[in-house]
Each structure stands twice: as structure tokens, then as C-alpha cells.
Amino acid sequence: MAGTVFDPPVAGWERQMPVDKRIFLWVLLGQAIFLIGLSATMLLAGNHNNPVKQFHATPEEFSQRVAEFVDKYQVGPRTVRVPPGEDAYLLARMWSFYPDLILKKGQTYTVWYSSVDVTHNPQIAGQRLSFQAVPGHAQGVTLTPNTTGTFLVYCGEYCGVGHQAMMGKIIVEE
Amino acid sequence: MEAIYTDPETGLRLDRATRRLIVTFLVTAFLALGGAVIAALLVALTRAPAIQLLWPSAYYMALTFHGILALTIWPHVFEATLWLWACTSLLRTRLISPALGWLAYGLAFLGILMILGTVASGNASVMYTMYVPLRADPLFYLGHIIYAVGLLTLLILFGLNILKARAEGTYLGSLPLLTYGMAVAAILTVVAIIGAVAAFVPTVLWAFRILIPKVDPLYFKATFWSMGHTLQYTNITAMVVAWYGTATFMVKAKPVSEKFSRWAFALYLVTTLPVFMHHFLVDPTWSLAVKWIGATVVGIFLGVPSAMHGLAVPASVEKTLRGRGVRGLWGWLREWGWNNPPMVLLAFSVLLFGVGGFDGTAATTMQINMIEHNNMWIPAHIHGTLAGGATLGFMAFTYGFLPHLGFEIKGKRFAQYQAWLTGLGFTLLIAAMHWGAHLGVPRRMQDIRFLGADAPVPNWFNSMNLLGIAGVLTATGILIFVVIALTSMFAGSTRGPEMVAEAKDLWLPSERPAFAGGNPAPSATV
Ligand code: HEM
Ligand SMILES: [Cu+2]
Ligand SMILES: [Cu+2]
């Protein structure tokens with residue numbers, strides 16, 4: 001048993017890299033740099049971004065803010081009409097999103113998400129917008145609705161046995 | 001002295017003590033894969049709205065089983081066999097301590113039992129990601145720790161054995177390529193286990209309600225993924241080792257340039273760790289600049305070594321076939337071995353891994369992540385990389401590895417169907433997942449009809465019905481594989497006697513390794 005099929009064909013084989021392999025290596029590196037440039041361009045010049053906006057808030061503090069927000073702008077049992085220019089608040093808990101929000105088409109809003117129990121993930125049906133709602137951390141999501149209608153909000157982060165029943169609503173008016 | 005096996009096909013030798021350990025780990029791995037697939041069947045049939053088999057609590061338990069068996073257990077237990085093989089047979093030496101190997105197995109097995117037992121009890125339906133403050137049975141977290149200690153013990157054995165081989169001089173120069181790859185996988189795993197300590201030590205105390213009243217969800221998620229995503233590169237590195245191994249077992253291919261391949265392995269060490277940040281692109285954490293560098297920039301560079309291997313492995317097959325007289329630009333593709341199950345699986349593994357890698361890289365960019373996060377894009381990515389890539393790669397390797405261990409493959413005819421069914425099945429499954437992702441279907445969701453919703457639910461049902469069909473096909477393919485592998489092994493070592501006969505030890509001083517760097521190989525001097 002001199003050699004095995006796993007041995008290199010010649011001694012010192014592991015120290016050689018033929019020219020064509022070097023070219024492959026450079027092509028792949030060049031392609032990576034191109035993609036990185038593209039992603040940087042989208043961050044700097046694109047309009048589909050959400051710079052990180054956050055503050056720390058205990059579940060009690062955040063619930064307090066949501067209660068004040070609902071008090072001020074409430075128009076239905078669990079519905080709030082958000083005046084243009086105002087920030088909105090969305091409270092995630094097992095298993096609902098509160099309150100339902102009425103927004104105006106073409107206006108820009110920041111919606112603050114947080115949770116009082118476990119991590120949730122409000123997703124807007126059909127619009128495919130997905131940010132996390134994490135207990136102890138509030139996160140601001142800036143959006144400009146460009147379609148009118150009623151949109152289901154459901155939860156994208158597994159949050160226990162009621163996960164599929166966790167829903168809310170966003171209504172966009174003309 | 002225990003018996004030595006010599007495989008006449010490869011010229012490699014293996015001692016009985018190591019072989020017994022390898023076989024035990026292999027059987028355990030295949031059982032885990034079988035369990036994962038049975039759970040997958042329930043999962044797929046529930047996600048198809050036309051059937052929606054399971055109710056919520058059962059669904060989330062089945063999905064926890066699927067994720068844990070398929071991701072936490074199956075690949076790492078399989079990799080244990082690669083580590084054991086790479087530090088003994090390929091280095092022409094025995095295990096420094098089989099007892100340490102059994103200790104590793106015992107710990108890993110105990111951990112697995114605790115994890116699966118707590119999930120089965122219904123008190124740990126928290127998915128394999130177990131994001132706190134979701135709370136599972138404390139033994140669930142403890143089981144993970146014991147399992148990790150088991151793996152770490154095995155890695156210590158692997159490291160000690162390399163030192164032993166070096167001291168004995170049974171290999172000279174660099175490590176053989178496959179051992180080099182598994183050493184990279186071992187280093188990545190040790191780094192991952194550091195993350196695991198940071199994640200699990202506070203969490204297990206919190207779960208037992210001692211000392212720690214609260215674990216911050218983002219702290220847990222960050223430490224969890226610093227472990228979890230790094231472990232995916234253990235899987236990928238091992239998958240690449242399985243690719244090279246399959247090409248060598250099947251067509252006796254040699255890498256086109258070992259230096260190129262070694263560079264690619266080594267690059268994983270540099271680029272792996274920071275990319276766990278891509279799990280936080282839409283979380284309230286670090287600034288956009290930090291996320292961009294960690295997730296996007298490093299993430300894109302991480303594609304380079306994978307692309308290098310993805311080119312090098314088919315190239316090694318091409319070169320070998322051309323050396324045997326295959327002609328034309330594409331002749332080697334025609335002669336690839338489309339009726340040879342492991343070569344079919346190897347081809348699907350490389351292709352599907354490419355698809356999954358593309359999905360992952362795309363999702364590391366902010367703009368795509370904010371629309372694909374937590375929808376079916378993520379399972380599509382996982383089933384491209386870990387299922388289509390690593391699992392098919394390991395399956396391909398198994399078809400070469402079992403005969404190498406002395407087991408004849410039973411039911412070769414079924415292996416044919418199995419390879420094509422699994423490869424095409426995963427292709428369809430991943431296609432269905434992409435379709436669902438395009439419509440925004442959420443992952444980990446028992447009911448996408450959203451019963452009781454008072455807002456319109458998108459019409460996204462057909463994508464998931466297709467997923468149900470693809471799921472049945474794929475699961476059948478993998479189950480056939482598990483049955484073939486287990487029956488081949490339980491039928492016993494039919495090639496055994498012939499293989500034991502000749503050698504007295506793994507290495508005789510007169511047989512200097514052919515890869516003695518710089519020294520003329522013995523075959524060249526005779
Ligand atoms: C046999 C065929 C398989 C089918 C039909 C299948 C099906 C699925 C489906 C439908 C999901 C998404 C469930 C959901 O998000 O609600 C899923 C998740 C997953 N699958 Fe598979 N799968 C299969 C094989 C595999 C294999 C071989 C692996 C890896 C080795 C794997 C790893 C995973 C992982 C890690 C997840 C994520 C689990 C989670 O979100 O917690 N699957 N699978
Ligand atoms: Cu939720
Ligand atoms: Cu949820």
C-alpha cells in the first residue's frame with residue numbers, strides 16, 4: 001500500500017496554484033466587490049431604506065405610550081386615525097396587534113413597534129413589509145402608504161400556540 | 001491489536017475500534033434524518049391549505065421536531081463520522097483514545113434524548129431557535145448544553161489525534177485536503193461553541209429560575225446566532241469535504257489545484273463569524289453601517305469560497321474524465337454518471353447549494369431583507385443550503401463511504417430512483433417556497449387562511465399546495481435513502497473478511513506516505 005486514492009498526484013501539489021485558477025479567484029473577488037458596491041449604492045441613493053430608529057422602553061412604559069396615543073386619536077373600539085405628521089404606536093402581545101391604524105395615502109408616518117411579552121413580527125399582507133417587535137426595545141418603521149385599502153397585519157415570528165391567530169389591521173384612506 | 005480493515009478500492013485502512021465508533025455515529029445520524037423527514041411530511045401536509053393536517057399545538061411541535069432533528073442533530077452527528085475518519089484513516093493512525101470517542105457519543109446521545117424528550121412532552125414547542133422569552137422545559141436547554149459538550153469532546157479527540165499523527169510522522173507536510181477541511185470545520189465549531197456558552201449558560205439559569213431573572217431577547221438572539229450561523233459553516237465545510245470525497249470515491253478524481261481548494265477552506269475562517277448579523281437587519285439593534293458591514297459586505301465575500309469549491313469539484317470530475325479520453329466541450333457532463341446515484345446527488349447538491357447560497361446572499365441586503373424576512377424565502381434558503389446542499393452531499397458521500405467501511409449497498413435499483421426523486425423533489429420544493437415567498441407567505445404558520453381575519457387575505461394558497469406535493473415526493477426520496485443506508489449497515493459487513501486479511505497496522509515504516517512533502521514518494525523510487 002504505497003498510496004491511496006486520496007493522496008495528491010505529485011509531491012508538493014498543495015503548494016501550486018495554476019494560472020487559470022488564479023484568474024477564477026480574481027473574477028470571483030471582483031464580482032463580490034461589484035455586488036458590495038451595488039448594495040452600498042442602494043443604501044445611499046435608494047429610497048427603500050429604514051435607518052435604525054430605536055429606544056429602550058420597558059413593556060409598562062411602552063404600553064403607557066400606546067394608551068396615551070389611543071386616548072388621543074381613537075375613532076372606534078380599537079381603531080385610531082393617525083393624523084399626518086404624528087408618530088403611530090403598535091403594541092404586540094400574545095396574540096394580537098393593537099390598535100388598528102387608519103393612515104392617509106401619500107403621507108409619511110413612523111410607526112413604533114414593541115412587544116410586552118415575547119418577540120413578534122408584524123407583517124403587512126400583500127405589502128411584504130416585515131420588522132421585528134422586541135420586548136424592551138421599541139423600533140421605528142417609516143413608511144409612506146401608496147395604495148388605499150384594508151391590509152391584514154399578521155405575525156411572522158413564532159410566538160406560541162396562538163401565533164396564527166395574532167392579527168391586526170391597517171386601513172389606508174384617500 | 002485489533003483488526004485492521006484495508007479497502008482495496010481506496011487503499012485506505014481503518015482499525016476496528018474507530019470503525020465501530022464511526023458506525024454508531026452514522027446509524028444515529030440516519031435515524032435523526034429519518035425522524036426529521038417524518039416530521040417534514042407532517043409539516044408539509046399542514047402547510048398545504050388544501051389539507052392542513054395538524055392543529056396549531058401539534059403543528060408547532062412537529063415543526064420544532066423537524067428543525068431540531070434536521071438542523072441541530074442530523075448534520076453534526078454525521079460530521080462526527082467525518083471527523084473521526086479524517087483524523088484516523090486519512091492520517092494512517094489509530095484513535096488516541098476510543099474511550100474519549102465513546103464519552104463524546106454518550107454525552108451527545110444523552111443531550112439528544114433530553115432535547116427530543118422535552119419536545120415530545122409538549123413543553124418545548126419553541127422551534128430550534130427558542131428565542132427567549134419563549135420558555136421551554138429547563139431540561140431542553142440543559143440537553144443542548146450536554147449535546148454541545150459531547151461534540152466538543154469529539155473535537156478535542158480530533159485535535160489530539162492530529163497531534164498524535166504528526167508526532168508519529170504518519171503524515172508529513174500539510175494535512176491531507178479532506179482532513180484540512182475537517183480541521184477548518186472543527187475550528188469553526190469551537191468558535192461557535194463559545195457563542196453557545198454565552199447564549200445557553202444565562203438561559204439555562206433563567207429557565208431553572210436561579211440567579212437570573214431575565215435574559216434580554218436581543219442578547220440571546222445575538223449570542224444564539226453567533227453560534228447558530230457559525231455552525232452552518234461547519235455544515236458547509238463538511239459538505240464540501242463530502243463533495244471532494246464523493247468525487248474521489250466514485251471517479252477517483254483528484255482536486256484540480258489543492259492550493260486553490262485549501263485557500264477556499266481557509267477563507268471560511270476569515271469570513272464566517274461576522275455574518276451572523278444578517279439575522280438582525282430588521283431588529284432594533286446596531287446602526288445601519290454596522291449591519292451593512294457585518295451582514296452584507298462580509299456576507300457577499302463569504303460567497304467567494306463557496307463558489308470556488310462549487311467550481312473546483314465539478315472541475316476535478318471533468319479533468320479526470322478527460323484524462324480517460326472523454327471528448328468535446330460537454331462530453332464530461334454527458335459521462336458524469338447520471339445513472340450512478342451518488343454522482344446524481346452530487347450534481348443536485350452543488351446546484352441546489354448554489355440556489356440556496358444565492359437566496360442567502362440576496363437576503364443579506366437591507367432592501368431585500370425587509371420584504372423577505374420571516375417569509376418562505378428563509379425556508380427556501382435553508383432547503384437550498386442545508387437540505388439540498390449539505391444533506392444531498394452527505395447522502396452522496398454515504399454511497400461511497402458505506403462500501404469503504406465494508407457494507408455493500410443493498411437495493412441499488414432503489415438508490416437510482418431515490419437519487420432522482422430526492423433531487424427533483426427538492427428542486428420543486430424550493431421552487432414552491434420561492435413562489436410562496438414572492439407572494440409573502442409567512443414561515444412557521446399553521447394557518448395561512450387566517451381564520452377570523454377581518455381584512456382580506458392574499459390569494460397565496462396554490463404555492464403552498466404545490467409545496468405539499470413536492471414535500472411528499474422529497475420525503476419519500478429521503479426515506480428510501482434512510483432505509484437503504486440502514487439495511488445496508490444492519491445486513492453486516494459483507495466485505496469484511498476480505499478486508500481484514502492483509503494488514504497488521506495502519507502504517508508501516510517502510511511505507512512512507514506518498515504525500516511526504518518534498519520527499520520523493522516511494523512509488524517513484526521503486
Ligand atoms: C424531506 C423533505 C422535506 C420537507 C418536505 C421539508 C419541509 C419543510 C417546510 C414546509 C418547512 C417550513 C415550515 C414552516 O415554516 O412553517 C421546513 C422548515 C425547515 N426545514 Fe425542512 N423539509 C424537508 C427536509 C429538510 C431537510 C433534509 C433539512 C435539513 C437537513 C430541513 C431543514 C429545515 C429547517 C432547518 C427548517 C426551518 C424550521 C423552522 O423554521 O423552525 N428540511 N421544512
Ligand atoms: Cu406574534
Ligand atoms: Cu407570532
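# Notebook: rings, copper and a covered strand

I began with a search of the whole structure, a predicted model, and the search returned 44 aromatic pairs over all chains. For this count, the rings of Phe, Tyr and Trp (its six-membered ring) pair if their centres lie within 6.5 Å, and a pair is called stacked with planes under 30 degrees apart, edge-to-face over 60 and tilted for the rest.

I noted two conventions before going on. Residues are numbered from 1 along each chain as its sequence is written, while chains are lettered from A and ligands numbered from 1 in the order in which they are written. Local features need pLDDT of at least 70, side-chain atom pairs count only at pLDDT 80 or more, and totals for chains, interfaces and linings use all residues, with side-chain values taken from heavy atoms and with hydrogens and water left out.

**Entry on aromatic pairs**

I looked up Phe200(B) and Phe220(B), which form an edge-to-face pair at 6.4 Å centre to centre, with 75 degrees between the planes. Phe200(B) belongs to helix α5 (residues 177-207) of chain B and Phe220(B) to helix α6 (residues 217-251) of chain B, so the pair ties together parts that are 20 residues apart in sequence. Helices here are DSSP runs (H or I, at least four residues), as are strands (E, at least two), numbered from the N terminus. The word buried stands for under 20% relative accessible area, exposed for over 50%, and partly exposed for what lies in between (1.4 Å probe, protein chains only).

I then turned to Tyr244(B) and Phe265(B), whose ring centres are 6.2 Å apart with the planes at 50 degrees, so I recorded the pair as tilted. This pair links distant parts of the chain, since Tyr244(B) is in helix α6 of chain B and Phe265(B) is in helix α7 (residues 258-271) of chain B, 21 residues apart. Tyr244(B) is buried, with a relative accessible area of 4%, and Phe265(B) counts as buried at 0%.

I also found one aromatic cluster whose members include Phe6(A), Phe30(B), Trp74(B) and Phe481(B).

**Entry on charges over rings**

A charge sits over a ring if NZ of Lys or CZ of Arg is within 6 Å of the ring centre and within 35 degrees of the ring normal. I noted Arg135(B) over the face of Trp206(B), 4.2 Å from the ring centre, and the charged end of Lys221(B) over the ring of Phe280(B), 5.2 Å from its centre.

Four donors count as tetrahedral if all angles lie between 85 and 135 degrees.

For the copper ion (ligand 3), I listed Cys155(A) (SG), Glu157(A) (O), Cys159(A) (SG) and His163(A) (ND1) as protein donors, at 2.0 to 2.3 Å. Its 4 donor atoms subtend angles of 89 to 120 degrees, which makes this arrangement tetrahedral as well, and the spacing in sequence is C-x1-E-x1-C-x3-H. Cys155(A) bridges the two copper ions, ligand 3 and ligand 2, which lie 2.5 Å apart. Cys155(A) is buried at 0% relative accessibility, His163(A) is buried at 0% too, and both Cys159(A) and Met166(A) are buried.

I checked for disulfides (a pair of cysteine sulfur atoms within 2.5 Å), and the structure holds 0 of them over all chains.

**Entry on strand β6 of chain A**

Strand β6 (residues 109-115) of chain A is mostly covered, with 7 of its 7 residues buried. Tyr109(A), Val111(A), Tyr113(A) and Ser115(A) point one way from the strand, and Thr110(A), Trp112(A) and Ser114(A) the other way. Two strands pair if DSSP finds at least two bridges between them. I found β6(A) paired in the parallel sense with strand β3 (residues 88-93) of chain A over 5 bridges, where Leu91(A) stands opposite Ser114(A). With strand β9 (residues 137-143) of chain A, β6(A) pairs in the antiparallel sense over 5 bridges, and there Gln139(A) is the bridge partner of Tyr113(A).

Technical notes:
Donors = N, O, S within 2.8 Å, 3.2 Å for Na, K, Ca; no water. Tetrahedral: all angles 85-135°; square planar, octahedral: opposite > 155°, others 65-115°.
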